[in-house]
Amino acid sequence: MSSKNGKLVAVWGSSGAGKTTFAINLALALAKKQLESLVILTDINAPDLKVLLPFEKDLKSMGYLWTRQDADKTDIYNACVVTKSEYICLMGYTKGENAFSYSDYTKDNVFRIYEEMRTMADYVIVDCVPNLAYNMLTTVALETADCVVRMGEAKKKSFSFFDSSLPLLADSRYEREKHIRLLSKVKSDMPIEIAKKYLGCDLELPYIEEAQKQMMEGMLLSGIKDPCYVAVIKEIAERIEKEES
Ligand SMILES: Nc1ncnc2c1ncn2[C@@H]1O[C@H](COP(=O)(O)OP(=O)(O)OP(=O)(O)O)[C@@H](O)[C@H]1O
Ligand SMILES: [Mg+2]
């Protein structure tokens, strides 16, 4: 990867809202424009690499990278899992790892490594965990992102999550008012007006059966083909491209 001035996109929201699915499909949409993405899968409690790439052997973890104060571009590159798309690299935790697998990361080091990553890709897409208080990769991403995509669902539990979590982002450095609010997994028979009123909504992402199937079959990187889903991803990719970095 040559030297870039990449944008950092944080994908954050309630549990199961479709953040990981969205992050991958956003990277695929950007790849169509020949834009390179580095997707950081931050979940240490239910690692995503083996879920997304069940057929890959020897998946490497990014765990040590964040603990190293001297980590440079080569170390970042070495922690990447190269995918079939020449424009997308993934980074995450592997099967069996948990919160005790690595020593704690310092906030400064996470910030520094994200900055380094921006020089290596057009987009650093951080697939955040809902609970930002216990995941430094998520906290720093939300603080430093050029763009935050905030995903919620038309469910009472999702409303409750944002009631509890949004106050944690009240400080002006989080620029909460600039979040792109995405109401996810929308079905026509849902009380979406209630959800829109409660969560706020800039765009709706439809419920797609294909998404469930792809996840179970380990085929998420093939990309969701449904034209309604693709149209929303495209719209968001365009909005993100217009953001100042
Ligand atoms: N638009 C969609 N329509 C229907 N199902 C979806 C959609 N997006 C994701 N899903 C499904 O919802 C489930 C959760 O998706 P995903 O893992 O992407 O969510 P998440 O927000 O990353 O979850 P977590 O908070 O556990 O990390 C998966 O089974 C996935 O296939
Ligand atoms: Mg996820």
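Does T94 count as buried, exposed or partly exposed, and how many C-beta neighbours lie inside 10 Å? The close-ups below start there. This is a predicted model, where local features need pLDDT of at least 70, side-chain atom pairs count only at pLDDT 80 or more, and totals for chains, interfaces and linings use all residues. Residues are numbered from 1 along each chain as its sequence is written, while chains are lettered from A and ligands numbered from 1 in the order in which they are written.

**View 1. T94 sits in the loop between β4 (88-91) and α5 (107-118).** Helices (H or I, at least four residues) and strands (E, at least two) are DSSP runs, numbered from the N terminus. T94 counts as partly exposed because it has 19 C-beta neighbours inside 10 Å; buried takes 20 or more other C-beta atoms within 10 Å, exposed 12 or fewer, with C-beta atoms placed from the backbone. Leaving out residues up to four places away in sequence, T94 touches P47, L49, K50, L59 and S61 (contact: C-beta atoms, placed from the backbone, within 7 Å). P47 is 47 residues from T94 along the chain, yet their C-alpha atoms are separated by 5.7 Å.

**View 2. The largest nonpolar core has 70 residues.** Such a core is a set of buried Ala, Val, Leu, Ile, Met, Phe, Trp, Tyr and Cys residues joined through C-beta atoms within 7 Å. V9, A10, V11 and V126 touch the most other members. Helix α1 (residues 19-32) gives the most to this core, eight residues. Beyond four places in sequence, A10 has contacts including V126, C128 and A141.

Note on methods:
Two residues are in contact if their C-beta atoms, placed from the backbone, lie within 7 Å.
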